[in-house]
Amino acid sequence: MARTQNSPSDPVTKQRRQVTLYGLTWSMPIVIWQLIFFVFPLIFLFLISFWLVKNYRMVPGFDTINWVKMFSKGYFWDAYWRTLGYAGVATVVTSILAFPCAFALAFKVSPKVRRWALFFLIVPFFTSYLVRAYSWQIFLNDNGIFNTLFALIGLGPFQLLNNFFGTLVGYLTLCLPLVVVLQLTSLANVDRTLIEAAHNLGCGRLRTVFQVIIPLAKIGIILGAVFTFILSFGDFVSPYYLGGSKPPTLSILIIDTTKSGQQWPRAAVVAIVMILTLLTIMFASVAAAYRKRA
Amino acid sequence: MTDIKKDKDRPIKQTTQPDAGRRKILKGAGAVTAASALSVPMILVPPRANAATELNMIAWYGHGEPDMVEEFEAMHNVKIKAKYYAGGDNMLALISQSPPGTYDLILSDGEFVKLLKEAGYIEAMDPNEYNMGDLFDEYAHFDAHWMGDALYSVIVRFGYLGVSFNTEIISHEEASDYNILWDSKLEGKVGHFDWHLPNLGCLSLRDGNDSPSPFDINSSQWSKLQETTLSLKPQVGGYFDYGGTFASLKNGEIYAMCGIGDWITGVVRKDGAPVDSVIPKQGGIQWTESYSVGKGSKKQDLAKEFIRYITSPKGQVRSIQMGAYPGMSPYKSGWTAINEANPEEAKRQRMTFDGPNCIDDLREGRIHFRETPVQQSLEDWNDFWSEYKNA
């Protein structure tokens, strides 16, 4: 009985402890990194949300006025729900658009084509996102390339810029290649024999996709969706330069708050609300991704 | 030393004679190497006496670019190091976060000079050291720059803000009334430069708040201004920073904007876009830029020299045509110089002595100085602007 409880002198326990120390040693850099660049700044961000601004200078203190002020402003909540909605729509649209592409690359093309496709999916990240977003203006403005083409067939001009459509184009530019890659990684690892088994058992093609392939690739699909949500929720470039800041999102509200009056403490309140929202959504999504089937 | 002298006097070919010993060759090579080693740092490091002095400036973008400072840098063997800001609040924050004396030169909008002085960031200046006698009367004693009898800033340039518009869609006559912004043909095509002060100032003028100032309004006028501004919302196509304002006017996405002026359209026009700016009949807003000497600066003499340079005819010609954005000269000699150097630009910016000119607008009382709100707090205006953007 004593042996089954694994006493400290037990060789198995000793080995486990060694493994734990070994693992800890290897994981220390990421722990240190997270402490320095995430946990400590987050604590600092939380602290300055209680500071005050006097003569354009932050004065350390403890006053809840910034939280009260921001939470009592209608425009803060408008921006919050709007940002949540924008990111939600971007997540759904990006995931839906990415899936057929990832599916085709995983199951329908040769490995050589897949490699080239991966290369071209990564290439856009070589260029600054801001430059890519700005270049969309040439395509989307009233006299831009798209409206010129529409005019040739007697359509338009359509308002493609300075609205949610423009913002969504920006979000897709930022997220779509990444989501395709994440979905592709998961789809490529789906066990082909299970797909064949489904077919052999009379499961139709579409049903196989929804009941076999998607559940098996759900980790990549959910991770792709989570990344889209996170990137869109905090993005400033698309809603500002393609959406015309009309109406503004939380990231624009942060800029507005700091720009006039240097209200960094109030901007910190907005930032903390954003971080808490993202953490909640991320934990829920990851839990869903790794949940075993009942 | 004797050996070296001997070697020096000896013909070169002798050192390459077969009878020259290996030791001698090595000795010569060693001397060359040592000489090289000693001389290389002398070549790489410029002599101390010729090192350029650094003059630190904090300014709007463009003021520290070569087109503005290269001549002064060459004249005084100085390197101007500019830190750019975007807005007066940003400027105050940057200065407050830096040790005293960091900035030798501080370029500020007129309305922020008082705040700079109150915060103790700038030195008092001796008016006799500058070209004050050359200023037009309207700027000779510019209130925003004087605190009592002390001068704290010397004006460099100014400009007007009104309505900027696409000339293919809107005529000059139409643009000369702020009410054009509510015209049905501009639905979704009115833009805003994303700063509440000039926008609300112009819309306050539209409401008739021109006396004493569009920024000095009581609570009922403030309520009316909010109502007026909110009613413009359906017309609004977007809120832009400098780059976005530039792009939206250039690509025809936006047809009209209020609260900006030639400082934007002057640059867009150079790119061939059909845009222009006017001061509507209800009046316009004035911006000014001026230099102060930073408190605690260790190069005050050089900073003063730069201010004298940029307010001189040569400096004013550069300032009027500044690449980033143009600005008008408040100096008579600046007008004379630009009329000689670039008469077209002088005419375009209405800096001509014969006929109506830009100073006439001031004399007619059509232009109001841009200032922070007098009866409301800056936070009230800023909060409302955020509400408006979210409406």
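Biologist: How do strand 1 and strand 2 of chain B pair?
Modeller: Strand 1 of chain B pairs with strand 2 (residues 78–85) of chain B in the parallel sense, over 8 bridges. Strands pair here if DSSP finds at least two bridges between them. Strands (E, at least two residues) and helices (H or I, at least four) are DSSP runs, numbered from the N terminus. One of the bridges has Asn56(B) with Lys81(B) as its partner in strand 2 of chain B.

Biologist: And before we go on, what kind of model is it, and how are things numbered?
Modeller: It's a predicted model, where local features need pLDDT of at least 70 and side-chain atom pairs count only at pLDDT 80 or more, while totals for chains, interfaces and linings use all residues. Residues are numbered from 1 along each chain as its sequence is written, and chains are lettered from A and ligands numbered from 1 in the order in which they are written.

Biologist: Back to the strands, then. Which helix does the chain pass through between strand 1 and strand 2 of chain B?
Modeller: The path goes through helix 4 (residues 66–76) of chain B, and this β-α-β crossover is right-handed. Right-handed means that, with the strands pointing away from the viewer, the path from the first strand over the helix to the second runs clockwise.

Biologist: Is strand 1 of chain B mostly covered or mostly open?
Modeller: Mostly covered: 6 of the 8 residues in strand 1 (residues 53–60) of chain B are buried. A residue is buried if 20 or more other C-beta atoms lie within 10 Å of its own, exposed if 12 or fewer, and partly exposed in between, with C-beta atoms placed from the backbone. Strand 1 of chain B also runs parallel to strand 3 (residues 105–109) of chain B, joined by 2 bridges. There, Ile58(B) stands opposite Ile106(B).

Biologist: What does Ile106(B) touch?
Modeller: Leaving out residues up to four places away in sequence, Ile106(B) touches Ile58(B), Leu116(B), Tyr121(B), Ile122(B), Tyr291(B), Ser292(B) and Gly294(B). Contact means C-beta atoms, placed from the backbone, within 7 Å.

Biologist: Which residues have the most contacts inside the largest nonpolar core?
Modeller: Those are Met57(B), Leu105(B), Ile106(B) and Ala256(B), in a core of 96 residues. A nonpolar core is a set of buried Ala, Val, Leu, Ile, Met, Phe, Trp, Tyr and Cys residues joined through C-beta atoms within 7 Å. Strand 6 (residues 154–166) of chain B gives the most to this core, with 8 residues. There's also a second, separate core of 30 residues, which includes Ala106(A), Leu178(A), Leu187(A) and Ile213(A).

Biologist: Let's switch to chain A. Why does Ala102(A) count as buried?
Modeller: Because 26 other C-beta atoms lie within 10 Å of Ala102(A). Ala102(A) lies in helix 3 of chain A. Beyond four places in sequence, Ala102(A) touches Val180(A), Gln183(A), Leu184(A) and Leu187(A).

Biologist: How many residues does each chain give to the contact between A and B?
Modeller: Chain A gives 25 residues and chain B gives 26. On the side of chain A, the elements that give two or more residues are helix 3 (74–107) and helix 12 (250–259). By class, that side of chain A has 8 nonpolar, 11 polar and 6 charged residues. Here Ala, Val, Leu, Ile, Met, Phe, Trp, Tyr, Cys and Pro count as nonpolar, Asp, Glu, Lys and Arg as charged, and the others, Gly among them, as polar.

Biologist: Where are the cis peptide bonds you flagged?
Modeller: One runs from Lys246(A) to Pro247(A), with omega near -10 degrees. Pro247(A) is in the loop between helix 11 (237–242) and helix 12 of chain A. Another runs from Ser211(B) to Pro212(B), with omega near 5 degrees. Pro212(B) is in the loop between helix 9 (196–206) and helix 10 (219–231) of chain B.

Biologist: What about phi of Asn162(A)?
Modeller: Phi of Asn162(A) is positive, about 60 degrees, although Asn162(A) is not a glycine. Asn162(A) sits in the loop between helix 6 (145–152) and helix 7 (164–188) of chain A. Asn162(A) is buried, because 30 other C-beta atoms lie within 10 Å.

Note on methods
Two residues are in contact if their C-beta atoms, placed from the backbone, lie within 7 Å.
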